[in-house]
Amino acid sequence: MAALEPEVDDTAESVELNRLDLALRDLASLLGERNQPSMPDIMGSWMADGNVHLMLTEPCADAPAPWISHGLMWTLPAHVPTHSYFAGTTAPLPALVTVGGGEDRRVLLDLERLGVVTIGGDPRGAKDMLRHVGAELTNGIWSDDVTIGIAGFDEADTRRLTSLGRGRVRASVSIADALDDAGRWINEAHERLAGLGVNNVLSGRVSATPAEARRLSPYALLIAGPDADDLERLERVDAYLEGRGRGQLAIAASERAGTRLSAGRANMGRWPLTVGLDHTVTMEFLDTRIPAVSLDQTELGALADSSAGHRPLPPKPADIPIGRHRMTRRQPVGHP
């Protein structure tokens, strides 16, 4: 991963991402002694004007200072600095990925907590978003220990994502095989939790040693264009994960044109994302619509070539690829 990180990147975007990264690692240290009932159930984050907001599935009123709780949100105010000495601690939300945003707002979802996320709407836009998610997971500053599975991508995308993953990406021959792998991962996750003597992934992760925490890293499976049979299996996986909350499994699937979803049914599952022809993403469960992230084949190819040292990384648009930069100066990271 170090080969992909510039020595210092002080752009507003990188400062914002580093602020979120360090804020979450700091929060993990504050939550380490909590019992499971008092832990926040975090489903995502959004950032605006230096404020870090965590979105919760249910209220959790006792946020540790300097965090502030308000309804379904915990907020770290913009004036509160974060510090680089937390950079070596365990990242509590390693499958957190960006789905959209603009100059005034960035929205990230925790795929591990949501379990199964479907990306529908415009097929091309959905596929571009899935590529972006894959590039971010392979290249993100908080996702180093995530194991990534991919299935359904064409040969070029598969090769490039595998190259970016540097050994962390598993390409399955078929979507059915990938879902079999996901099932085995769930069973193994139960054993890992039992071996560590914990019953919840987040509680175990924030209280464990770094070596133990790596054993609780999630498996992120990205599926491009599942067919009707695959979708039925995904529905069963989603129903199972609904009862577990956070199960060390994170799945994102883009629709295939002509499936029963595209034929008129609303997106599958509890957490549907709908990408419009206007390059926005609608999330009804958050009652919001924002500009969508996107990474097309050409951009993915340029990123893969750059990571392999073939040529310098081309100038990047504001939203792609993100999550690649870590500041190396030992200094507080505050409002950009």
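The following paragraphs lead through a predicted model of a protein chain, from its overall make-up to selected local features.

The chain contains nine helices and 14 strands. Of its 336 residues, 56% count as buried.

Helix α4, residues 155-165, packs with helix α9, residues 297-307, at an angle of about 35°, and the two axes are 9 Å apart. The crossing in which α4 passes α9 is left-handed. On the α4 side, the residues that take part are Asp157, Arg160, Leu161, Ser163 and Leu164, and they meet Gln297, Leu300, Gly301, Leu303, Ala304 and Ser307 of α9. Sorted by class, this contact of α4 with α9 comprises five nonpolar, four polar and two charged residues.

The aromatic rings come next. A pair of aromatic rings is described by the distance of the centres and the angle of the planes. In this model there are two aromatic pairs. One of them is formed by Trp271 and Phe285, whose ring centres lie 5.3 Å apart with 85° between the planes. The pair is edge-to-face, because planes over 60 degrees apart are counted in that way. Trp271 belongs to strand β12 (residues 271-275), whereas Phe285 lies in the loop between β13 (280-283) and β14 (288-291); the pair thus links distant parts of the chain, 14 residues apart. The two partners can also be described by their accessibility. Trp271 has a relative accessible area of 13% and is therefore buried, the limit for that class being under 20%. Phe285, with a relative accessible area of 23%, is partly exposed.

The surroundings of Phe285 extend beyond its ring partner. With neighbours within four places in sequence left aside, Phe285 is in contact with Met43, Leu109, Arg270, Trp271, Pro272 and Leu273. For one of these residues, Leu273, the C-alpha atom is separated from that of Phe285 by 9.0 Å, and the two residues are 12 apart along the chain. Thr288 counts as buried because its relative accessibility is 11%. Residues up to four places away in sequence not being counted, Thr288 touches Arg105, Val281, Thr282 and Met283.

Arg192 lies over the face of Trp185, at 4.6 Å from the ring centre.

Finally, the backbone shows some local features in loops. The peptide bond from Ala65 to Pro66 is cis, with omega near 10°, and Pro66 is placed in the loop between β2 (51-56) and β3 (68-70). Asp49, a residue other than glycine, has a positive phi near 55°. Its place is in the loop between β1 (42-48) and β2, and Asp49 counts as exposed because its relative accessibility is 55%. A positive phi in a residue other than glycine is also found at His279, where the value is near 65°. His279 lies in the loop between β12 and β13, and its relative accessibility of 60% is the reason why His279 counts as exposed.

Definitions and conventions:
Residues numbered from 1 in each chain as written. Predicted model: local features only at pLDDT ≥ 70, side-chain atom pairs only at ≥ 80, totals over all residues. Heavy atoms only, no water. Phe/Tyr/Trp six-rings, centres within 6.5 Å; stacked < 30°, edge-to-face > 60°. Helix = DSSP H or I, 4+ residues; strand = E, 2+ residues; numbered from the N terminus. Buried < 20%, exposed > 50% of the residue type's maximum accessible area, 1.4 Å probe, protein only. Lys NZ or Arg CZ within 6 Å of the ring centre and 35° of its normal. Axes fitted to C-alpha atoms, helices over the stretch in contact; angles between N-to-C directions. Left-handed = near helix turned anticlockwise from the far one by under 90°. Contact = heavy atoms within 4.5 Å. Nonpolar A, V, L, I, M, F, W, Y, C, P; charged D, E, K, R; others polar.
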